[in-house]
Amino acid sequence: MAKKEHISETPATQFLRKHGIAFSEHPYPYEEHGGTSVSARALGVPEHHVVKTLVMQDEAAKPLIVLMHGDCKVSTKNLARAIACKSVEPCKPEVAQRHSGFQIGGTSPFGTRKTLPVYVEESILALETIYINGGRRGYLVGIAPRVLVELLGARPVRCALEE
């Protein structure tokens, strides 16, 4: 029997285990600024199934999380309209890290330092399995997308733009 690579806990995996959520672990060699194309290639899955966790803020600088397909961008205009805000913009890296408690490139929507509102691109919920950051650079977890709604109360939105 092959020895399974041991992966140390993260706040994200602790959160998932505490809530009894089944997930698969997928470490991969992290590349600085490699994005979801690197992780999708390393895992051998479509980039559309790799979900990026983006920390953004509204016009009042209130933070929020947007979950988006790896091969799409967020239309901040459409997102702002969908959540009844004047504007939405990405947080600066140090601000995003302060809100989430995770290092940029290792941000997970699970186990964040503060409870933040979560919005998910609607079409993500139609996938069978998604691969989302497990709280560390070079580490994704495979889960059923319904967990995003059931556990995080993620609200579906339509704000995807093809890359």
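Mentor: Start with Gly106. Contact means heavy atoms within 4.5 Å. Leaving aside neighbours within four places in sequence, Gly106 is in contact with Asn133, Gly135, Arg136 and Arg137. Gly106 and Arg137 are 31 residues apart in sequence, yet 4.2 Å apart in space, C-alpha to C-alpha.

Trainee: What should I know about the model and its numbering?
Mentor: The model is predicted: local features need pLDDT of at least 70, side-chain atom pairs count only at pLDDT 80 or more, and totals for chains, interfaces and linings use all residues. Residues are numbered from 1 along each chain as its sequence is written, and side-chain values use heavy atoms, with hydrogens and water left out.

Trainee: Where does Gly106 lie? Is Gly106 buried or exposed?
Mentor: Gly106 sits in the loop between α4 and β6 (118-121). Helices (H or I, at least four residues) and strands (E, at least two) are DSSP runs, numbered from the N terminus. Buried means under 20% relative accessible area, exposed over 50%, partly exposed in between (1.4 Å probe, protein chains only). At 2%, Gly106 is buried.

Trainee: How do I read a pocket?
Mentor: Rolling a probe the size of a water molecule over the atoms shows where empty space is left. On a 1 Å grid over the protein atoms alone, using a 1.4 Å probe, a pocket is an open set of points with protein on both sides within 12 Å along at least five of seven lines; lining residues have an atom within 4 Å of a point. Here the largest pocket holds about 760 Å³ of space, the volume being the space filled by probe spheres set on the points. Its lining has 32 residues, with Lys52, Thr53, Leu54, Ile104 and Gly105 nearest the centre.

Trainee: Which element gives the most to the lining of the largest pocket?
Mentor: β2 does, with seven residues. α2 (35-43), β2 (50-58), β4 (72-74) and α4 (93-100) each supply at least two.

Trainee: And disulfides?
Mentor: A disulfide is a covalent bond between the sulfur atoms of two cysteines. The test is a pair of cysteine sulfur atoms within 2.5 Å. By this rule the count is zero. For Cys91, the closest cysteine sulfur, in Cys85, is 12 Å away, too far for a bond. Cys159 is in no disulfide either; its nearest cysteine sulfur, that of Cys72, is 9.5 Å away.

Trainee: Are Cys91 and Cys159 buried or exposed?
Mentor: Cys91 is buried, at 10% relative accessible area. Cys159 is buried too, at 0%.
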